[in-house]
Amino acid sequence: MRKFPRPSCLKIFILLTTILFSSAYAGIELGEPAPNIEGTLIDGKPFSLMNHKGKVFLVNFWASWCEPCREEMPAIESYLKKNKAKGFEVLAITMDKPADMEQAKQIMRNYSFLFARKKTNGLL
């Protein structure tokens with residue numbers, strides 16, 4: 001029986017990344033409005049990106065256990081403060097599990113981002 005060479009981890013990573021990015025950006029052209037993101041923020045208020053037309057949003061996926069995520073937040077907050085009057089906003093979507101939500105909420109108290117939790121069956 002003929003054996004096929006085993007693909008390297010790098011080749012698998014490149015293949016998966018190509019598949020994921022090509023499907024994630026399918027149909028979105030540079031300069032076009034972003035697809036709508038809607039759901040409920042942690043404070044219970046409804047959120048829809050469509051209600052914020054004309055604003056520039058940074059959608060930041062993060063988690064309380066992600067050290068690089070937490071390290072970048074002060075810089076994002078600083079940029080938000082400098083540019084909020086120009087229509088810039090930040091939507092921080094935590095990837096934390098429900099058991100870790102209190103820690104995520106504690107971290108978010110230091111920032112003025114819109115704050116949401118990723119649901120298991122959708123985005124917000």
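Modeller: Happy to; what follows is a set of questions and answers on this predicted model.

Colleague: Let's start with the cysteines. Which residue forms a disulfide with C66?

Modeller: A disulfide calls for two cysteine sulfur atoms within 2.5 Å. The sulfur atom of C66 has a partner 2.3 Å away, and the count for the model comes to one disulfide. The partner of C66 is C69.

Colleague: What handedness does the link of C66 and C69 have?

Modeller: Here we look at the angle about the S-S bond, which is 75°. With that value, the link between C66 and C69 is right-handed.

Colleague: And is C69 buried or exposed?

Modeller: Buried means under 20% relative accessible area, and exposed means over 50%. C69 has a relative accessible area of 12%, so C69 is buried.

Colleague: Now to the rings. How many aromatic pairs are there, and are Y79 and F88 stacked or edge-to-face?

Modeller: The count comes to four aromatic pairs. One of them joins Y79 and F88, with ring centres 5.0 Å apart. Planes over 60 degrees apart count as edge-to-face, and at 85° between the planes the pair of Y79 and F88 is edge-to-face.

Colleague: Next, D96. Which side chain of opposite charge is nearest to D96?

Modeller: D96 sits in the loop between β4 (88–94) and α3 (101–108), and is buried without a salt bridge. A salt bridge needs the charged atoms within 4 Å, whereas the nearest side chain of opposite charge is 8.3 Å away. That side chain belongs to R70.

Colleague: Which side chains make polar contacts with the side chain of D96?

Modeller: Leaving aside neighbours within four places in sequence, D96 is in contact with several residues, including W62, M101 and R117. As for polar contacts between side chains, D96 has one of 2.7 Å with S64 and one of 2.6 Å with T94. The names you asked for are S64 and T94.

How values were computed: Residues are numbered from 1 along each chain as its sequence is written. This is a predicted model: local features need pLDDT of at least 70, side-chain atom pairs count only at pLDDT 80 or more; totals for chains, interfaces and linings use all residues. Side-chain values use heavy atoms; hydrogens and water are left out. Buried means under 20% relative accessible area, exposed over 50%, partly exposed in between (1.4 Å probe, protein chains only). Rings of Phe, Tyr and Trp (its six-membered ring) pair if their centres lie within 6.5 Å; planes under 30 degrees apart count as stacked, over 60 as edge-to-face and the rest as tilted. Helices (H or I, at least four residues) and strands (E, at least two) are DSSP runs, numbered from the N terminus. Lys and Arg count as positive and Asp and Glu as negative; His and the chain ends are not counted. A polar contact is a pair of N or O atoms within 3.5 Å; within protein, one must be able to donate a hydrogen and the other to accept it, and residues adjacent in sequence count only if both atoms are side-chain atoms. Contact means heavy atoms within 4.5 Å.
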